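Here are my notes on the model, as numbered points. Have a look at the structure first, then read on.

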Amino acid sequence: MQQPSLAVIGAGPGGLYAAREAARLGMPVTVFEKNTVGEKLNCAEGFFDSLKLLAPPAQGVRCKVQEVRFAAKDTFAMDCSGLNLWIIDRQEWQKALLEEVRALGCRVHELSPVTPEQLAMLEREFDWVIDASGVSALKNKQLAGSAGQHILTAQYTLGGDFSDQFGKLRVVFEPNYCGYYWIFPKSAGQANVGLAWIGKKPAGLRISHELKRIVDKEGLRGYAILKKAGGPIPTARQKAVLGRTLLVGDAAGLASPLHGGGIDTACISGILAARAASTGNPMQYSQSLEKVLAVRLNLEQKILNLWKKLSFTELNGLLSLVFGNQLRRFACLLKYRTFWPEMAALRSLTSGYLKAEWQNPLHPDILTANFRIVTDEPEEDKKVCLK
Ligand SMILES: Cc1cc2nc3c(=O)[nH]c(=O)nc-3n(C[C@H](O)[C@H](O)[C@H](O)COP(=O)(O)OP(=O)(O)OC[C@H]3O[C@@H](n4cnc5c(N)ncnc54)[C@H](O)[C@@H]3O)c2cc1C
C-alpha cells in the first residue's frame, strides 16, 4: 500500500527527527529549510534528554556532562553521571542528521523558505505537513500569530581558557530577576555564556547590558566574542494539530517553561508527529504528546509558578532541599515544608526518571520520591520507545 506523503518545514531538531522517523516508516518525505542546515543556530548546545527517551546523539557530542553547579546564595553540585545530558556541536549534529535523512531517501531543499501562501499549497499537495519552523511558527503566523509565554535570552560564544570547566556546566541565579545565566563550556577553549529571563523583565534593565555585566562578573572580560545570539524561546504550548498540519518543537511551544531547553522535546515531538502522520491519525499525535510530555511540562510550569513567588533566600532554600547535602536538606526540611511537592518534582525531573504525580500532593509517589527516584529504573509500562 502506498504510504501518505509528508512535507516537513524546517530542518532543526524537530524537523530532522520527524523526517527521519517518517522515512524509516516508508513515507515519501520532502523537507524545506529556509537556511543551510545547521547554519544560523541560536543555542547553548546543552542536550538534556531528561526523560531518557532518545538514543544518544550519534554525532557532534563534545562531552557527556559530569556535573551542573547551581549557584544562588550558596553553590550546589548536581551529579550528572546518571543523566542523559550532553554538550553537543549542533551544527555538526544537524549536518550528520541531514546526511542520514538524505540516505533514507528524503528530498531536502535548503535555502527554501516556505511562505504562508506556499504552506497552503503544500497542504493541498501533500497528505500531511509537519511545521517544524521553530519560534517563527509558520502555521501559527498564518493564523494571525499567537501571543504566548516566552523566555528571553541573550548569549555570547566566548573564546578563552575554559579548560578547568570543560565537562561541567554552571547555572547562576541572581536576586534581581526570575531567570538564570549559564556558562556551558564546549571545549577547553570555548563556551556559550548566556542569560535567560523568565517572565517579566525588571523595568529599565536591558538584556544585552545584563549579559555584559555577567561576563565582567565572571572574570571573562577580554575573552574573544566569537558569536552573539539570543532571542525568545516559546514555552506556551499551542494546539499541535491544525487541519492536516502537525506542529512540533518550538512551533508548538514545547520548550521547557522552567529552563527553556527545547532540543529534546523537539526531537520527541518530531518522532511522535511522524508516527501519527504515517497512520493517518492526527489525534494520535495530540494524545501521545499528552502522554509523553505533558506531565513533565506541567511539573516544570508548577515549579516555575512557585519560583516566581520566591524571595532569593527561599529560592536558595528550595535548591538546598533538592541539591543540598543530607545535612543541609535536613536543616531545611521543616522550614520549607510548603515546598515539598516542588522539591519532589524537581528531584524527579533532575534524576532522569519522572515518577511523581503532581495532581495530588499527598500521593505516595511524591512523599517517597526523594528516596526512590535516584535508584529506581522506570517501570516498563512508563517507557515509550523512541530510539
Ligand atoms: C540562546 C538560546 C540558547 C538555547 N540553548 C538551549 C540548550 O542549551 N538546550 C536546549 O535544549 N535548548 C536550547 N534552546 C532552545 C532550542 O534551541 C530550541 O528549543 C530548539 O532548537 C527547537 O527546535 P526546533 O526544531 O523546534 O526549531 P529550530 O531549531 O528553531 O529549527 C527551526 C528550523 O526551521 C527553519 N525555518 C524557519 N522558518 C522557516 C520557513 N518559513 N521555511 C523553511 N524553514 C524555516 C529554521 O531556519 C530552522 O532551521 C536555546 C534557545 C536559545 C534562543
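Where does the shell around the ligand lie relative to domain 1 and domain 2?

1. Between them: domain 1 (6-45 + 89-148 + 235-293) and domain 2 (150-234) both give residues to the shell, so it lies between the two. The domain bounds come from an automatic or database domain assignment.

2. Before going further, a caveat: this is a predicted model, in which local features need pLDDT of at least 70, side-chain atom pairs count only at pLDDT 80 or more, and totals for chains, interfaces and linings use all residues. Residue numbers start from 1 along each chain as its sequence is written.

3. Back to the ligand. It is surrounded by 42 residues, and the closest are Gly10, Gly12, Gly134, Gly249 and Gly262; a residue is near the ligand if its C-beta atom, placed from the backbone, lies within 6 Å of it. By type, the shell has 18 nonpolar, 19 polar and five charged residues (Ala, Val, Leu, Ile, Met, Phe, Trp, Tyr, Cys and Pro count as nonpolar, Asp, Glu, Lys and Arg as charged, and the others, Gly among them, as polar).

4. Which elements build the shell? At least two residues each come from α1 (13-24), β3 (46-48), β10 (150-159), β14 (224-234) and α6 (263-279). The largest share, four residues, is from β14. Helices (H or I, at least four residues) and strands (E, at least two) are DSSP runs, numbered from the N terminus.

5. β3 also belongs to an open sheet of three strands, ordered β3-β7-β4 with antiparallel pairing (two strands pair if DSSP finds at least two bridges between them). β3 and β4 (61-64) are at the edges with a single partner strand each, so one side of each has no neighbour in the sheet. Three bridges join β3 to β7 (residues 85-88), and glycine 46 has isoleucine 87 as its bridge partner in β7.

6. Two backbone spots to check. Most residues other than glycine have a negative phi, yet lysine 52 has a positive one of about 50 degrees. Lysine 52 is in the loop between β3 and β4 and, with 16 C-beta neighbours inside 10 Å, counts as partly exposed. Alanine 137 also has a positive phi, near 30 degrees, but in the loop between β9 (128-131) and α4 (138-142); its 24 C-beta neighbours inside 10 Å make alanine 137 buried. The cut-offs are 20 or more other C-beta atoms within 10 Å for buried, 12 or fewer for exposed, and in between for partly exposed, with C-beta atoms placed from the backbone.

7. Finally, α10 (residues 340-351) is mostly covered: eleven of its twelve residues are buried, including Met343, Arg347 and Leu349.
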